[in-house]
Amino acid sequence: MMTGNFPTDAFQRLETPFYYYDIDLLRKTLETIKAETDRYGFEEHYAVKANANPQILKTIASYGFGADCVSGGEIEAALEAGFPADKIVYAGVGKSDKEILLGLKNQIACFNVESEAELLIIEELAARQNCKARIALRVNPNVDAHTHAKITTGLQENKFGINMEQLEEVLAIAKRCSHLEWTGLHFHIGSQITDMTVFQSLVIRVMEIQDALEAKGITVPNLNFGGGLGIDYQHPNHLPIADFEGYFKVFGTLVNRRAGQGIHFELGRAVVAPCGSLISRVLYVKEGVVKRFAILDAGMTDLVRPAMYDSYHRIENLNGVETEACYDVVGPICESSDVFGKDRMLPTTKRGDLIALRSAGAYGEVMASQYNRRPLAPSYFSDQL
Ligand code: LLP
């Protein structure tokens, strides 16, 4: 079985489980994104929710990207890591007053507003602070992302964004508010999208919305297309960098960009998922009646995606010899859903073997919990081991 390129000797000395980040791969990915966004004059605001590890954030910030945040905590983490406030955008259906005030105090680039109710509160708080809030309206474009139901956001039935029918009315209200400066429209339709025709549909819908507004004399200063580009979870060793070229080309080709218009993106997963792995040790191999289990010291508390979304992560035995057997790879947590993979072919596996759960750099460490009173897994970086 082919495995990723890991410093296995260094791993042998470390207590498991832990997250391991390949910083070379992260840098190569960031260089690719930079080259593609520069080619079209686009701006990337990294979606901090995917991975807020300070080292990772600092590395991303050093490439000059902005940040997309969904909480006050993320705004603070982004500022600490060196993302400039004027490149921070802030989305979320439930921003608290405290979080809005934090954004106002730091004069962030933009609040992506998701409802009329929120708009009026930002106006009120900005008036009280005697400042102006830059806002964009997040529009629900009713485009189906054809991805997992739990990570689809751009349909009318989802809680996110303002429905297209209500857009003009909410925009008119925004324009009447003296402490708001309307900067444009924001969209995000879902995550782990690998079918480029979905992004084509998004652009076409957004162009229709732009045309309709222009027909009423309203020009849109900025368009933010959100994130959502997926990665290849099946083949992390062969395809470690997502198809940024194909992705940005869709927008470069189809967006009818107006003079001076800013075009923004908020990719998260595609930036950080491939560079991270959760490294674990086999505690026991249990021979059941119908199944053979490899029981790891990492569980759903460390990486919840398989339990929560049935998501696939490639599992590699880093000590493996070539004879193969079939395993259900599970964690130690007292929950039946604490399963990383069913019926996986692995090299014959024994107690103490190191196991890598691949492509765990996005929505891995950030979603960890301390359920069962477990400590949070630490993280290590390829340039420090
Ligand atoms: N912008 C907004 C407004 C978002 O809600 C998201 C993700 C992103 C950008 C970044 O999307 P990305 O490029 O990472 O697809 N925990 C789930 C994914 C939840 C995504 C939530 N929003 C998972 O592990 O699959």
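**Close-up 1. Surroundings of I135 in the predicted model.** In this predicted model, and leaving aside neighbours within four places in sequence, I135 is in contact with C110, F111, V113, L119, I122, A174, L180, E181, W182, T183 and G184.

**Close-up 2. The nonpolar cores.** The largest nonpolar core holds 104 residues, and those that touch the most other members are F83, F111, I135, L137, L185, F225 and F251. Helix α8, which covers residues 196-215, gives the most to this core, with nine residues. At least three residues of this core come from each of domain 1 (8-18 + 274-381) and domain 2 (23-273). There is also a second, separate core of nine residues, among them F18, Y20, L318 and L354.

**Close-up 3. E114 and its contacts.** E114 sits in the loop that runs between β5 (110-113) and α6 (116-128). With a relative accessible area of 4%, which is under the 20% limit, E114 counts as buried. The side chain of E114 is joined to that of R138 by a polar contact of 3.0 Å. When residues up to four places away in sequence are not counted, E114 touches A91, G92, V93, K95, R138, F160, G161 and I162.

Close-up 4. The ligand has 18 residues around it, of which S191, E266, R305, Y309 and Y363 come nearest. A polar side-chain atom of S191 lies 2.3 Å from an oxygen atom of the ligand, while a polar side-chain atom of D68 lies 3.3 Å from a nitrogen atom of the ligand. G268 contributes a backbone N or O atom, which lies 2.9 Å from an oxygen atom of the ligand. On its own the ligand has 590 Å² of accessible area, and the protein covers 92% of it.

Note on methods
Residues numbered from 1 in each chain as written. Predicted model: local features only at pLDDT ≥ 70, side-chain atom pairs only at ≥ 80, totals over all residues. Heavy atoms only, no water. Helix = DSSP H or I, 4+ residues; strand = E, 2+ residues; numbered from the N terminus. Buried < 20%, exposed > 50% of the residue type's maximum accessible area, 1.4 Å probe, protein only. Polar contact = N/O pair within 3.5 Å; in protein donor to acceptor, adjacent residues only side chain to side chain. Contact = heavy atoms within 4.5 Å. Core = buried A, V, L, I, M, F, W, Y, C linked by side-chain atoms within 4.5 Å. Domains from an automatic or database assignment. Near = heavy atom within 4 Å. Areas by Shrake-Rupley, 256 points an atom, 1.4 Å probe, with all protein chains shown as cover.
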